[in-house]
Amino acid sequence: DGRPDGGIRQSADGEDGLDSPGDVFVFDQKLLGDDGNTVIGRNAGYCIRTDPGMPDWSGKDAPNLPDDATNNWGQCTWTLTFYADGPSGYEGTIQVSGREGDVGTSDIAIVGGTGDFKGAWGVLSTTPEPQCQGVLFRQVLEVHLDH
């Protein structure tokens, strides 16, 4: 949940004050259920900007970069933590890592898990949905377990 009341989304910007390659942002936000309102855990991690090609949510893009003019890309790693005894019915974590764009759907690899998700692998599809304030990332999991 990248909306203002959703949690932390903090940039660690380079010296130029623009959205540039190598910039990092970290987040620790509410993980929401299918209804988009029920908090089922936390969604926390970081992204390193690799290709700032178009104006992003900050509006502070580095000019004249030879890159993808239709999207911004980052290399991201994060953990989905499901609350014990929470409304999802699951307990544990799912770790994901991969290239994520600011526009359209990105498929990110599920690289592991704990608890109910021990031995997890698969794909997390994430799609940004702009809101009145901020952005909501719709995340759909395709999880396979080796147990």
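**Exercise 1. Overall fold**

What share of the contacts in the chain with a separation of 6 or more comes from residues 24 or more positions apart? Describe the secondary structure and the surface as well.

*Solution.* Note that this model is predicted.
- Start with the contacts: residues 24 or more positions apart account for 46% of those with a separation of 6 or more.
- Next, count elements. The chain has zero helices and eight strands. Read from the N terminus, the order is β-β-β-β-β-β-β-β.
- Then check burial. The chain has 147 residues, and 38% of them are buried.
- Finish with the surface. The chain exposes about 7900 Å², with 53% supplied by carbon and sulfur atoms.

**Exercise 2. Glutamate 100**

Is glutamate 100 buried or exposed? List what surrounds it.

*Solution.* 
- Locate it: glutamate 100 sits in strand β5 (residues 92–101).
- Apply the cut-off. Buried means under 20% relative accessible area. Glutamate 100 has 11%, so it counts as buried.
- Look for a polar partner. The side chains of glutamate 100 and threonine 126 make a polar contact at 3.4 Å.
- Collect contacts beyond four places in sequence. They are Cys47, Asn72, Trp73, Gly74, Cys76, Trp78, Ser106, Ile108, Thr126 and Phe137.

**Exercise 3. Aspartate 85 and isoleucine 48**

Classify the exposure of aspartate 85 and of isoleucine 48. Report one further feature of each.

*Solution.* 
- Aspartate 85 lies in the loop between β4 (72–82) and β5. Its relative accessibility is 82%, so it counts as exposed.
- Check the backbone. Phi of aspartate 85 is near 55°, a positive value in a residue other than glycine. Most residues other than glycine have a negative phi.
- Isoleucine 48 belongs to strand β3. Its relative accessible area is 33%, so it is partly exposed.
- Find the patch. Val26, Tyr46 and Ile48 form a nonpolar surface patch, with about 230 Å² of accessible area together.

Conventions:
Residues numbered from 1 in each chain as written. Predicted model: local features only at pLDDT ≥ 70, side-chain atom pairs only at ≥ 80, totals over all residues. Heavy atoms only, no water. Helix = DSSP H or I, 4+ residues; strand = E, 2+ residues; numbered from the N terminus. Buried < 20%, exposed > 50% of the residue type's maximum accessible area, 1.4 Å probe, protein only. Polar contact = N/O pair within 3.5 Å; in protein donor to acceptor, adjacent residues only side chain to side chain. Contact = heavy atoms within 4.5 Å. Patch = residues over 30% accessible without salt bridge, like charges linked within 9 Å, V, L, I, M, F, W, Y side chains within 5 Å. Areas by Shrake-Rupley, 256 points an atom, 1.4 Å probe, with all protein chains shown as cover. Salt bridge = Lys/Arg side-chain N within 4 Å of Asp/Glu carboxyl O.
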